[in-house]
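Subject: Structure handover

Hello,

Here is the structure I promised to pass on. Please open it alongside this message; my notes follow below.

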Amino acid sequence: KLSRKTNLKWLKYKEEVREFFADPREINILNIEPELVEVETELQRKVFNYALTFWSIPVSHGYGRRLRFLVIDRQNGKLIGIFGI
């Protein structure tokens with residue numbers, strides 16, 4: 001389980017990742033088109049970890065290789081969700 005201190009360190013990226021988070025006016029629920037994007041770049045990693053700070057489900061470091069994904073709305077390029085396996 002990650003500590004609150006670990007999660008809070010990602011908040012410093014707020015300005016850098018802001019463009020990935022939608023303002024409610026940017027969302028058209030009739031046109032949502034989810035796309036899975038594997039986290040591969042440093043910026044994608046920052047977006048994932050920043051979003052993770054607001055996740056209410058406990059997270060562990062896990063074992064072995066971990067795959068992380070961003071779920072992006074193709075209509076506006078904004079983050080819908082995250083998941084890891």
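A residue counts as buried here when its relative accessible area is under 20%. By that cut-off, strand 2 is mostly covered, with five of its six residues buried. Please keep in mind that this is a predicted model.

**Overall layout**

The protein chain has three helices and three strands. Along the sequence, the pattern reads α-α-β-α-β-β. The chain holds 85 residues, and 29% of them are buried. Its accessible surface comes to about 6300 Å². Carbon and sulfur atoms account for 54% of that surface. Take the contacts between residues at least 6 apart in sequence: 68% of them join residues at least 24 apart.

Now the individual pairings. Strand 1 and strand 2 (residues 68–73) are antiparallel and share five bridges. Pro 34 sits opposite Asp 73 of strand 2. Glu 35 has Ile 72 of strand 2 as its bridge partner.

On to the other pairing. Strand 2 and strand 3 run antiparallel and are joined by six bridges. Here Leu 70 faces Ile 82 of strand 3. These two strands form a hairpin with four residues between them. Within that hairpin, Gly 77 adopts a positive phi near 75°.

**Helix 3**

How many of the eleven residues of helix 3 are buried? Eight are, so helix 3 is largely enclosed by the rest of the structure. The buried set is Gln 44, Lys 46, Val 47, Phe 48, Asn 49, Tyr 50, Ala 51 and Leu 52. Note that this list includes Gln 44, Lys 46 and Asn 49. The buried residues of helix 3 pack against helix 2 (14–17) and against strand 1, strand 2 and strand 3.

Asn 49 deserves a look of its own. Asn 49 lies in helix 3 (residues 42–52). Its relative accessible area is 6%, so Asn 49 counts as buried. What does the side chain of Asn 49 make a polar contact with? The partner is the side chain of Arg 68, at 3.2 Å.

**The nonpolar core**

The largest nonpolar core has 13 residues. Those with the most contacts inside it are Val 17, Val 47, Phe 48, Leu 70, Ile 72, Leu 79 and Ile 82. Helix 3, strand 2 and strand 3 each supply at least two residues of this core. Which element gives the most to this core? Helix 3 does, with five residues.

Setting aside neighbours within four places in sequence, Val 17 is in contact with Leu 43, Lys 46, Val 47 and Tyr 50.

Two residues stand out for a closer look.

Phe 20 is in the loop between helix 2 and strand 1. Is Phe 20 buried or exposed? Phe 20 is buried, because its relative accessible area is 16%. Neighbours within four places in sequence aside, Phe 20 is in contact with Leu 43, Val 47, Ile 72, Gly 77, Lys 78 and Leu 79. Leu 79 is 59 residues away from Phe 20 along the chain, yet their C-alpha atoms are separated by 5.5 Å.

Arg 18 is also in the loop between helix 2 and strand 1. Its relative accessibility is 44%, so Arg 18 counts as partly exposed. Arg 18 and Lys 78 are 60 residues apart along the chain. Their C-alpha atoms are separated by 9.6 Å.

**Where to start**

Then follow Phe 20 to its contacts, among them Val 47, Ile 72 and Leu 79. Finish at the polar contact between the side chains of Asn 49 and Arg 68.

Best wishes

Notes: Residues are numbered from 1 along each chain as its sequence is written. This is a predicted model: local features need pLDDT of at least 70, side-chain atom pairs count only at pLDDT 80 or more; totals for chains, interfaces and linings use all residues. Side-chain values use heavy atoms; hydrogens and water are left out. Buried means under 20% relative accessible area, exposed over 50%, partly exposed in between (1.4 Å probe, protein chains only). Contact means heavy atoms within 4.5 Å. Accessible areas come from the Shrake-Rupley method with a 1.4 Å probe; for residues, only the protein chains shown count as cover. Two strands pair if DSSP finds at least two bridges between them. A polar contact is a pair of N or O atoms within 3.5 Å; within protein, one must be able to donate a hydrogen and the other to accept it, and residues adjacent in sequence count only if both atoms are side-chain atoms. A nonpolar core is a set of buried Ala, Val, Leu, Ile, Met, Phe, Trp, Tyr and Cys residues joined through side-chain atoms within 4.5 Å.
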